[in-house]
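Hi everyone, thanks for making time this morning.

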Amino acid sequence: MKTQIIKIDPLNIDHKKLEYAANVLKSGGLVAFPTETVYGLGANALNEKAVKAIFTAKGRPSDNPLIVHISDAKHTDKLIKAMPKNAEQIINKFWPGPITIVFERSKIVPDIITAGLDTVAIRVPSNPIAMKLIELSSVPIAAPSANSSGKPSPTTAEHVIEDLFGKVDIIIDGGVCQVGVESTVLDMTLEPNMILRPGGVTKEQLSLYIKNIQLDAGLLQKSEDAIPKAPGMKYKHYSPQSEVIVVRGNVKVLSRKIKELYTSYVSTGKKVGVLITNTENKLEYSDINNIDISGSLEKTASGLFKALREFDEMNMDLILAEAVVNEGIGLAVMNRLLKAAGYNVVNI
Ligand code: TXA
Ligand code: MG
């Protein structure tokens, strides 16, 4: 397939170019586009053949449902059976933005989107290119992250090109994604409401509006026999080719312990890199392979997937990753790191 790359400045959108991409989407084509979280691979959600092509391009298992993206909350009603009573407040507060809400679905949502579930996941992204593209297409857009299945999600157009060039019609290059981890998936069909995937909107933010909000038990620990409620969470996601070990403990001794581990793995002939997430003691790594994504938790989140891809380009055998706190967007960072590591953690 011939893939067109179209560059669009999010601060000065060229509407002609977006209209062209929207028409390709509407008529059944595949268009990768930036959102505030990660790049998405879009298709007309009401066109089964187009949605099928998403699964083929990504190599995605068909039992993993897709998020439906809309340009305005007012389009939710026809996709769902009923609006849960506390959902309106969450929608008003957090849409457009990095949160996906799971509702009971209406009949117009094709089975292929929901992988046969009775529910549908919906989100209004806030990235201006994403919003305008969906609006111009005048249909709901199904969009998983625009990576090959199993690879870290793409946060730049270059990442999408690496994974999907030749497999999709258009890749819109709209620069770097701000949040860098995917949207929070909040299931409002369950009582109490449950976070199925931590993401851009934090548990702390949601707790202000939802009493007794729950976290799916499998998010921070391995739960092989539990059936994951977000089917996508069971796959070994976000994985770079290199092995990952998360190292967790007091920051005062973290760098010393990591350097010990580094030395012992290097002596077995492995190529090892350190993923730095803490500012304290980071100078101690200056003589060894490292990628520094420390600073605020937001900065760490936005640099995480890019760093995992960069380690792969460096052909690392092993990444030693400093843990972060399970607070704010740190919860999403830890969830992605633990998954990349297959829950392999060294506690010090
Ligand atoms: O930030 C994001 O959410 C990005 C951008 C492109 O919007 N999209 C994204 O899509 O991350 P994807 O397909 O990579 O992840 C969707 C997650 C999966 O874990 C999937 O299992 C879950 O949402 N999901 C989708 N529909 C669901 C449903 N009806 N019930 C429960 N989980 C659902
Ligand atoms: Mg994904």
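Let's start with one residue, Pro240. Leaving aside residues up to four places away in sequence, Pro240 touches Pro152, Leu308, Asp312, Ile319 and Ala340. Please keep in mind throughout that this is a predicted model.

Where does Pro240 sit? You'll find Pro240 in the loop between β11, residues 214-215, and β12, residues 243-248. And is Pro240 buried or exposed? Its relative accessibility is 6%, and buried means under 20%, so Pro240 counts as buried. For a sense of distance, take Pro34, which is 206 residues away from Pro240 along the chain. The C-alpha atoms of Pro240 and Pro34 are separated by 21 Å.

Now let's step back to the whole chain. How many helices and strands does the protein chain have? The secondary structure comes to 10 helices and 16 strands. The radius of gyration is 20 Å, close to the 20 Å that the globule rule gives for 348 residues, so the chain is as compact as a globular protein of that length. If you draw a box around the C-alpha atoms along the principal axes, that box is roughly 60 × 50 × 35 Å.

What about the inside and the outside? Of the 348 residues in the chain, 55% are buried. The accessible surface comes to about 15000 Å², and carbon and sulfur atoms account for 51% of that surface. As for contacts, take those with a separation of 6 or more: 69% of them are between residues 24 or more positions apart. On charges, the chain carries 40 positive and 38 negative side chains. The centres of those two sets lie 2 Å apart.

Arg123 belongs to strand β6, residues 119-123. With a relative accessibility of 2%, Arg123 counts as buried. Which side chain makes a polar contact with that of Arg123? The partner is Thr35, and the polar contact is 3.0 Å.

Let's finish with some backbone details. Most residues other than glycine have a negative phi, and most peptide bonds are trans.

The peptide bond from Trp95 to Pro96 is cis, and its omega is near -5°. Pro96 is found in the loop between α3, residues 87-94, and β5, residues 99-104. Then look at the step from Glu191 to Pro192, where the peptide bond is cis with omega near -5°. Pro192 sits in the loop that runs between β9, residues 184-187, and β10, residues 194-197.

The other two concern phi. Ala115 is not a glycine, yet its phi is positive, at about 55°. Ala115 is in the loop between α4, residues 111-114, and β6, and you'll remember β6 as the strand that holds Arg123. The relative accessible area of Ala115 is 30%, which makes it partly exposed. Asn315 is not a glycine either, and its phi is positive at about 55°. Its loop lies between α9, residues 297-313, and β15, residues 318-322. Is Asn315 buried or exposed? Asn315 counts as exposed, at 56% relative accessibility.

That's my tour, and I'm happy to go back to any part of it on the screen.

Definitions and conventions:
Residues are numbered from 1 along each chain as its sequence is written. Chains are lettered from A and ligands numbered from 1 in the order in which they are written. This is a predicted model: local features need pLDDT of at least 70, side-chain atom pairs count only at pLDDT 80 or more; totals for chains, interfaces and linings use all residues. Side-chain values use heavy atoms; hydrogens and water are left out. Helices (H or I, at least four residues) and strands (E, at least two) are DSSP runs, numbered from the N terminus. The radius of gyration is taken over C-alpha atoms; the globule rule is 2.2 Å times the number of residues to the power 0.38. Buried means under 20% relative accessible area, exposed over 50%, partly exposed in between (1.4 Å probe, protein chains only). Contact means heavy atoms within 4.5 Å. Accessible areas come from the Shrake-Rupley method with a 1.4 Å probe; for residues, only the protein chains shown count as cover. Lys and Arg count as positive and Asp and Glu as negative; His and the chain ends are not counted. The place of a charge is taken as NZ of Lys, CZ of Arg, CG of Asp or CD of Glu. A polar contact is a pair of N or O atoms within 3.5 Å; within protein, one must be able to donate a hydrogen and the other to accept it, and residues adjacent in sequence count only if both atoms are side-chain atoms.
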